[in-house]
Structures are given as C-alpha cells and as structure tokens.
Amino acid sequence: MSETNSFLGSARRQRQLKRAIQMTIAVLAIIYALFPIVWLVSASIDPRNSLNQQQLIPPNASFENYRTLLTSELHPFKRWMWNSIKVSTIASVLSVFITAISAYAFSRFRFTGRRSLLMTVFLVQVFPTMLTFVAIFLIVQEIGKIVPWLGLNTHAGLILIYLGGVMGINVWLMKGFFDTVPKDLDESAMMDGASQWQTFYYVILPLVRPIMAVIAILTFIGTYGDFLLPQIILQDKEQYTLAVGLIIFARQQFSQNWGTFAAGSLMGAVPIVIIYLFVQDYIVSGLTQGSVKG
Amino acid sequence: MNTSKPQPENDSVEFNDSLAGILFRLLALAIIDAFALWFIYHGVSDGGIGLFLATAMFIITLGVNAAFLREELYPLRWLSPGLALMILLVVYPVLFTAYTAFTNYGTGHLLVKEQALEQIAKIQYLPKEGVVYSWTGYRSDAGDFAIWVMPEEGKPLLLKAGQTLSPDDSSVGSLDNDGIPESIAGYERLTRAESVRHITEISEFEFGEPPDVISVKSLNEAAPLKQRYIYNEGTDTIEDKQTNKIFKPIVGTFTADDGEVIRPGYYVITGIENFRKLFTSPAFRGPFIRIFIWTGVHAFFTVLLTFSLGVFFAIVFDDPTLPGRKLIRSLLLIPYAIPAFITVQMWRGLLNPQLGVISQAITAVFGSSPDFFSNQWWAKIGILFVQLWLGFPYMMLICTGALQSIPSDLYEAANVDGANVFQQFWNITLPLLLVAVGPLLVGSFAFNFNNFTVIDVYNQGGPPIPNSPTPAGHTDILISYTFRLAFAGGRGIDYGYASAITIVIFLVLSVIVLWQYRFTEGLEETM
C-alpha cells in the first residue's frame, strides 16, 4: 500500500517537475523571442530618437517618432509603404492566378511532354529568379528602351520579374490539391454544358481556395520582404519599396535615427505579423509542404 | 518515369468554342502578335542585348501562336502565361548569364563593337592647320553662347550649341561696318574684354549642328572640328588623325602600341578568362575561396542552429496538456513573421558596439564587448546569432507538424526496454524527424546559401577583405559578392566576372538539387 502511494506521489511530483520545466523554458523562450521587439517598441516611443541611453520605459514617451516619419519630406515613408503593398498585392494576385491555371492544366490534361515539363518546373525553382539578377537587370534595362513603362525604375518591371518565379514549387503544391478534387466534378459540369474554363473557374477553383490563399499570402510576404530586386530595379526615392527605402534611410546616421527607424519598422511589420497570426495554421500547412517564404 | 498503364486521352478536353469565342481568340492573338512584332523590330534594330531579347520574344510568340491556333496544343493555352514568363525570366536569363560569364561585359565594355565604333567616330578634334574663321561671341542672360563666324570666302554663319542658322535668320540684328550683327535676339554681343573673360567657357562649347561642328581655338580663331579616329575595316585598326597613332583591338579595347586606349570599348568573348581569374589568379582566388567557404559554413550552421533550437522547443511544447500552448507558439512565431530586412536592421541597433543594449549587457558582465561589425570573426558570429533568432520559429513549426506523425507505440516500446529520454530522442525522434523534414532542411540550406537580405542588411558583407582587387567582404556570401561586383560602382562594374560566379552558385545548387531529389523519390508517383 505504502509503496503504491509513494509511486503515485513520485509520478505526480515528476509531472509537476515536468510542468515547471516546461513553463520555465516557455518563459525563457518568449523572452528570447520577444525582448528585441519590445525594445524596438520602446525605442519607437522614445522622443530622444537615439540609440544612446535608451531605456526600456522611456521618459516622456510620445508618438513623436511616428509623426516625424509620416510627415518627413526627405523620406516619403507613406509612399514606400504604399509601393510595397501595391507591388506585393499585384504580384501575389497575378502569381496565384497563373499558378492556378498552370496547375489545373497539369492536373487535368494529358499531353505529350507533360512529365518533362513538370520535372522542368521542379528543377527550375531551385534556381530562383533573383540569382540571375545581373542578367535580369540587363534585360529589364533593354526592355525599358523599347517599352519605357516596363523598364528600370518602374513597378511594372519589378512585378514582371516577380512573376518570372511563378512556375515553381507552388505549381506542384496546387496541382496536388487539384488532384484531390475528383474528376467526376469536371465531367458532370461539362455534361451540363459548362466550357472547360467555366468548369475551372466556377466549379473547381472554389474548392481549392485555402491553398490559393496560402500561396497568395506567402507570395505577398516574400515580395514585401524582398531586398535585392527592388534595389536593382528601382532608382528614385519616390519609387522605392519599404525594404529599400527603410534600409537606405537606416544606413544614414543609424544611431541618431534609431527611434524613427523603430517606428517605421513597426508600422512596416504590423500588417505582416497580423496576417501571420490570423492565418498561421494555413501558412504552416503551406510551409510544411515546401512552399517558401520569399 | 515509366507508367505501366497508358494514360487515357483525357476526354474532358472538348472544344465547344462558339464563333464569338474563336473571333475573340483571334483578335487577342492579333494584338499580342502586333505588340510582339513591334517589340522584336525595336530589339533587332537596337542590336546587342536587344537582339537576344528579340530572339527570346520571337520564340515565346511562336509558342503562344501555336498553342492558340492548333487544337491539339489546347493544354498549352493554359500553361502559356506561366511558360512564357518562365522562358523570358528564368530560362533566358540563365542562358544569358552563361553567355556573359564568357565575355568581358562590364565597365568600359558595355557596347557591341558596332556601337562602340559609332561612338568613337563621333569623337572630334581641332586640327592645328586648315580652315580658320574669325569669330564674335554673344551671350544670353541664361549663360548660353552663340558665335558669328566669318570665313575668308563665302557667307558668314550664326552658330549656337547644336544649331546652325543662316545669317539671314530673323533673330539677327542689324550689321555693323564689319558685317557683324550688333545683337542677336536674346543674346548680347560680347566686347573684346568680355570675350577674354569667357574664353575658357566658350572654347568648351561645340557650335553648330553635328557633324559640321565649329569650336573656338583662340581669341581670334574658330575652326571646324574634324573626326579624330578613322576606322579601317580591312585591317580592323583605328588611325588617330591628331597624333597619327594606330590603334589595334585588344580584348575589346582599341589600344595603341604605347598603351593608349580609346574609350568606349566593346565586349568580346574572352573564353574562360573570368573562370581562370577566379581559380588561378591569387588576387582573385583568395577572396573568392574565403567567400565560398563562408557561404557554405553560414548556410550549414544556420540550418543546424535553427533546427536544434526548433526541435528542442517543438518537443518541449509537444504536450496537449500544456496550458496556453497555442499562445506560446503564436508568440514564438513573431520573429519569423516580421520581414527579415526589419529585424536584421533592428539587431544592428541592439548589437551596436558602444550603444546597443546587448553590447552594453555584455560589457556589464565581462567588462568589454566584442565588435560585432568590424571584427570579421565576431561579425560572423553575430550573423549566425541573428539567423538563429530569425529562423528557429520556422524549424519549430515544421518539427511540431512532423512530431505528430511519429507513432506513439514506438515510445511505449522504448519505455518498456528502459530507454531514457535522451536515448529515445537520439534513436527514435531524431531519425524519424529527419526523414520527415529532410527535404525542408535541404530547402532551408539552399535558401540561406543565397540569403542576400540578411547578409547585406547586417553589414553589407563587411568588414572588407584587405587587398582584394574586387569589392569583397569577410561576411559576404557568393550572391552578395556578385551583387557588389555588378552594382557596387566604386571600383567599376564587372558583369562578366559576376556572371562567372553566378555559374559557380548554379553548380553548387545543382548538387543540392540532386541531393534533394533523393528525398523526393515519391514525387514521381504524384506526377
């Protein structure tokens, strides 16, 4: 009797110990993950705007830095935000559309060269568009000589480059989802007189909405955070995306502009973080199936 | 790739196009073709890269037409936007990169030969002998100059920059006794003293409509400029009319025997020169090898560190009874959710040697803090530290998912056998986890192999490697080094050499692909 009791007692104690360790690790992990962000938030409301002598709870906290940033003539921050959102939205919507029609074709049609094309798409995605950025730059420069609105320093040119990466792992991912939709659905829709396009658009596409959302969101986030291509393509301050504008701004006298940078960072990060937290389960499912951020 | 049973021709492909549909299709195609032809025409007439681009465009247009006109290519209609983009922005740039890697394309060699010769032909000089004119200067309020020149015979001329006007032009005022206008509309005649004052400015101007350009030689004389360099197609040499030197083409630059060169040069195929430089020239090879090694080390340790911490957290929080599990995970996701350009720049602030909070904390404990930006080793450690913070949530996420797939009876059996927690981790969890997330780890390696954002925002590749002939830094990875070669400006750009390095990146990635392919043998079944 007493033996069993002590056994149960030790098991309970073990459980309690385990819980205590788990909670300790959780607290430490959260401090590790969030301390820098908390520090950044504190910097953003510190009107001294300097890296020097920053305190966790700033005296005379105010939104001065946010105001400076939003009204700055020298650094058109609002413009950068808008550019980033515009470019990322258009790029992700078009990407998802092109990915969907391509994946649908791969899923539903049987044609010569289908397998080799699929394999090519798989191999090509290993060499991301940005790797050939020297060639891309020269190409866009040349395109711009012929079609100025698609050349260097234009958002259309930048979006075009992002679309170049559309035939990649996402086509595979979405094809997998189309494959799970029974073909009977297509057939009965066509039987009812729907064209192939109507079948695709009204019957099949609504069924794969979740994966489309995931791909759209990941493309949006990847484009929003890209620092290489906009740097090469965009030349005027007015045209910069947030990534380029904010970093170039931060590279000038960083420690004296620390608070302003922090304010800009948070304003730039909040939309993305919100997206993440709201749809994290979807995103995780996308990520674990090989879709990449960026 | 073989399938035992033949795939049935898909009978769902039906061509129930209405007449309106066909007309619409043809109209759309006509518009695309018109645009493409116009584009190709301009590309071809531009020469150089335009020619390549026109070729790519031609192939794409041909494909699109075939797909939309021939019923048996129906599936390609759906694929045409994606394939066109892939050809134009992936396949073609890869081929173009491969080509550029074998040329000396870069500063001083940006044109094709014909374009370079055209530009060289425009260079003019002021002959010491020959026709001379006397001249009179005029100046506008805006500071522009005009001159009135009197040849020994024939009519005088009124010349402005880039403009030749007849002496009867309405802007010419009344003539004085010498036949020189008192004024020109908008301009005021210069007195001799004023001419002296402005002579250096005036002599920099080229007056008159090209190619018959006149320049001021001295206070009294103006003379027509002559073409300086005459190209001889037969011998492929250029003669300098001013000095009578002969220039021969040497790797894309016309060069005289004494080493004098004519700008601009043009690009030529230099064969394996860029690769030779990369692998055999000590000055180039040294930095390249350092960067190459760091690229691999950086990607490897980033994956190792983030994976280790990610697995650890995933296992600790893999307990359905843990209160607030979802909240903990959401909070830990935040470092990954914020765009990297923001967080890396933030860490720059936190690690700032004198003022950053982390450096101050280290100083408080150890008395001094390492310099995370100008010391090459600490800069590298700093990058890995930041990478760990950025990347562990991703690893935690994918491991959390993979842990669910490990059957729990394995652990029960291990418990019965008396294996402790660490043995269970090492012998059951880790191997099975690696099978599940292996391809993603390879993917993460490939991603960080080219993680330009983190490297460039952290320290722009610095601190610089001393004595490197190219702009190379200790924390540069291949892609950021390529970026600096192609766009850093300062020491000139070298697209050819940059492309050669891109080719090296390609080769490394190809090896990774083959490796990843081993993980994805199941892929074929899904095709």
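## Working through a two-chain predicted model

Three salt bridges turn up across the interface of chain A and chain B, a salt bridge being a side-chain nitrogen of Lys or Arg within 4 Å of a carboxyl oxygen of Asp or Glu. This is a predicted model, where local features need pLDDT of at least 70, side-chain atom pairs count only at pLDDT 80 or more, and totals for chains, interfaces and linings use all residues. Residues are numbered from 1 along each chain as its sequence is written, chains are lettered from A and ligands numbered from 1 in the order in which they are written, and side-chain values use heavy atoms, with hydrogens and water left out.

**Exercise 1.** Describe the interface of chain A and chain B.

- Step 1: take the contacts (heavy atoms within 4.5 Å). On chain A, 103 residues touch 105 residues of chain B.
- Step 2: take the buried area, that is, the accessible area (1.4 Å probe) that two parts lose on being put together, summed over both. You get about 9500 Å², with carbon and sulfur atoms giving 77%.
- Step 3: Tyr32(A), Arg115(A) and Ile146(A) supply 8% of the area that chain A buries against chain B, more than any other three residues.
- Step 4: pick out a salt bridge. Arg19(A) pairs with Asp319(B), and their closest N and O atoms are 3.3 Å apart.

**Exercise 2.** Work out the strand order of the open sheet in chain B and find its edges.

- Step 1: set the rules. Strands (E, at least two residues) are DSSP runs, numbered from the N terminus, and two of them pair if DSSP finds at least two bridges between them.
- Step 2: read off the order. Six strands run β5-β4-β3-β2-β7-β6, with antiparallel pairing.
- Step 3: find the edges. In chain B, β5 (163–165) and β6 (183–184) each have a single partner strand, so one side of each is left without a neighbour in the sheet.
- Step 4: zoom in on one pair. β3 (residues 145–150) and β4 (residues 157–160) of chain B share four bridges, antiparallel; across them, Val149(B) has Leu157(B) in β4(B) as its bridge partner.

**Exercise 3.** Locate the cis peptide bonds at Pro264(B) and Pro463(B).

- Step 1: Arg263(B) and Pro264(B) are joined with omega about -5°, and Pro264(B) sits in the loop between β15 (261–262) and α6 (273–280) of chain B. Helices here are DSSP runs of H or I, at least four residues.
- Step 2: Gly462(B) and Pro463(B) are joined with omega about 0°. Pro463(B) falls in the loop between α14 (452–459) and α15 (478–487) of chain B.
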